[in-house]
Amino acid sequence: MNSMRYWKILCCFLWVMLLFGSQPGEAAEKLHVVTSIFPLYDFTRQVGGERVEVKLLLPPGIEAHGFSPTPRDLVTVSQADLFFYTSRFLEPWAEAVVSAMGREQGRVVEVGREIIAQQVKNHKADRDHSGHGGIDPHIWLDPLNAVEMVNVISNILIKMDPDNGGFYRQNRKAYVEKLYEFDRETGKSLRNCRLKTIVSGGHFAFGPFAERYGLKAVSPFKGYSPNGQPSPRAIAALVDNIQNTGSRVIFHEELVQPKIARVIAEETGAKLLLLHGIHNVSRDELERGETWLSLMKKNVENLKQGLQCQ
């Protein structure tokens, strides 16, 4: 081999090593986290920033309640450093994921466990129990619950990656301040409203949010699952509610055809408005860079209109 050819081969080898050999090393420095639903995905990326690679298990546009993981999903989760889910009440399929990861301590985190436990303790599960075991699992829609969930996530990241603890603490502090600010502004926005009841044609998801701001939420669906069918009597009661209160809006949820809400809107002349439950986002919303905060701010604007707030 002449010297010129030798140096060409050596240069090619070094170029390939620089191009591809460095990537696994860089990727290995990041924590790889898989989350079940969008709020956990967003909270994790807000705290983890560039130090964490976050994957949302739920494909964009898929409604969370009907989701079930594929074998490929289980492989994805088993290869992650961490898997975050809210609770077994929203993601009963998480038990299969937990089994796939072997219940290794610290790797599988039920982020909403303490909030749900408090809900049970306070006897909040007082609605019809036809979905989610009688527990309202939509805990992320209450901003102060969101703060607790962010704290759980950040504490785990710090534990798993203590060398970057300061980075995670700084991000948590900045993001939690935004959540508290949103909570204060929402309280002011919804304080002076002519109507105090959120009338939804979708399933009952805004209980924790309504309670936080002194509102009521009604839905023709029993329990907290959208998979049931409301009775004609329940639909008629909602029509009466709208006609008696002078409400001009009925809310519907994301990623579900608003069949019931549309029927009620046609009966009453009410306008359909989206109240995003943020279980998941559409592909367009994901590409637009929507976040928990951006979607919740849009919810508040729609609520101000629907509740006729000053």
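**Close-up views of a predicted model**

View 1. Glu 285 belongs to helix α11, which spans residues 283-287 (helices are DSSP runs of H or I with at least four residues, numbered from the N terminus). The model is predicted, so local features need pLDDT of at least 70 and side-chain atom pairs count only at pLDDT 80 or more, whereas totals for chains, interfaces and linings use all residues. Residues are numbered from 1 along each chain as its sequence is written, and side-chain values use heavy atoms, with hydrogens and water left out. Glu 285 is buried (under 20% relative accessible area, with exposed meaning over 50%, for a 1.4 Å probe and protein chains only), yet it has no salt bridge (a side-chain nitrogen of Lys or Arg within 4 Å of a carboxyl oxygen of Asp or Glu). The nearest side chain of opposite charge, that of Arg 288, is 4.4 Å away. Apart from neighbours within four places in sequence, Glu 285 is in contact with His 276, Glu 290 and Leu 295 (heavy atoms within 4.5 Å).

View 2. In α5, residues 113-121, the buried residues are Ile 115, Ile 116 and Gln 119. Seen down the axis of α5, they fall within an arc of 95°, so they line one face of the helix (the arc is that of the directions from the helix axis to the C-beta atoms). On the other side of α5, Arg 113, Glu 114 and Lys 121 are exposed. The cover over the buried residues of α5 includes α6, residues 143-160.

Methods. Helices (H or I, at least four residues) and strands (E, at least two) are DSSP runs, numbered from the N terminus. Lys and Arg count as positive and Asp and Glu as negative; His and the chain ends are not counted.
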